Amino acid sequence: MLNQSELNAQDWLNRMHDTARLIESLEAKREEVISSLSGIGKYDADSIPAQTGENATETKNLLYSKLSAEIEKNTSILMAEDNRTLDVILMVKDPRMKSVLIDRYLSRLKWEDIAVKQNYSISWIYKLHESALRKVCPFIPKEVIP
């Protein structure tokens, strides 16, 4: 059972998970836009300016640009925070614990995938993770987790 300090450490290590998911969603949407752009033919009705003066291709290009800018902004934030996270994880001496923390909080792998990768049972990975949280606690910045 994790104590409050260990739970805070877990929250801090996991703080960029939602940003990583957002980037994945933005990238998936951008791929949809790219696919729709590559399918527009010269005489496609969607590429002919409508009476509103809007052009579907132009709108898709604008959406692509907005998505790309948002991806770039969030990726920059993610990389900076992942660098901070790695600095903290590297303070742990045990290489197995470091590996579990890196797999979970930087590679953002599922527990099952970590167990397979590390060649341990999932219950052992949970125990190793709990021990790793105890070891990493002293190095976690004392900042407010949103």
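The report below takes up a pair of helices and then two residues elsewhere in the chain.

This is a predicted model. Two packed helices are described by the angle between their axes and the distance between the axes. Here the axes of helix H2, which covers residues 17–38, and helix H3, which covers residues 56–89, come within 9 Å and cross at roughly 155°. Because angles over 145 degrees count as roughly antiparallel, H2 is roughly antiparallel to H3. The crossing in which H2 passes H3 is left-handed.

Among the residues of H2 that take part in the contact are Leu22, Ile23, Leu26 and Glu27, and those they meet in H3 include Leu63, Tyr64, Leu67 and Glu70. Sorted by class, the contact of H2 with H3 has 12 nonpolar, seven polar and five charged residues.

The next two residues are set side by side in a table.

| Residue | Helix | Relative accessible area |
|---|---|---|
| Glu6 | H1 (residues 4–13) | 5% |
| Lys127 | H6 (residues 122–136) | 53% |

Glu6 counts as buried because its relative accessible area is 5%, and buried means under 20%. Lys127, by contrast, counts as exposed because its relative accessible area is 53%, and exposed means over 50%. When neighbours within four places in sequence are left aside, Glu6 is in contact with Met1, Leu133, Arg134 and Cys137.

Note on methods. Residues numbered from 1 in each chain as written. Predicted model: local features only at pLDDT ≥ 70, side-chain atom pairs only at ≥ 80, totals over all residues. Heavy atoms only, no water. Axes fitted to C-alpha atoms, helices over the stretch in contact; angles between N-to-C directions. Helix = DSSP H or I, 4+ residues; strand = E, 2+ residues; numbered from the N terminus. Parallel < 35°, antiparallel > 145°, perpendicular 65-115°, else oblique. Left-handed = near helix turned anticlockwise from the far one by under 90°. Contact = heavy atoms within 4.5 Å. Nonpolar A, V, L, I, M, F, W, Y, C, P; charged D, E, K, R; others polar. Buried < 20%, exposed > 50% of the residue type's maximum accessible area, 1.4 Å probe, protein only.
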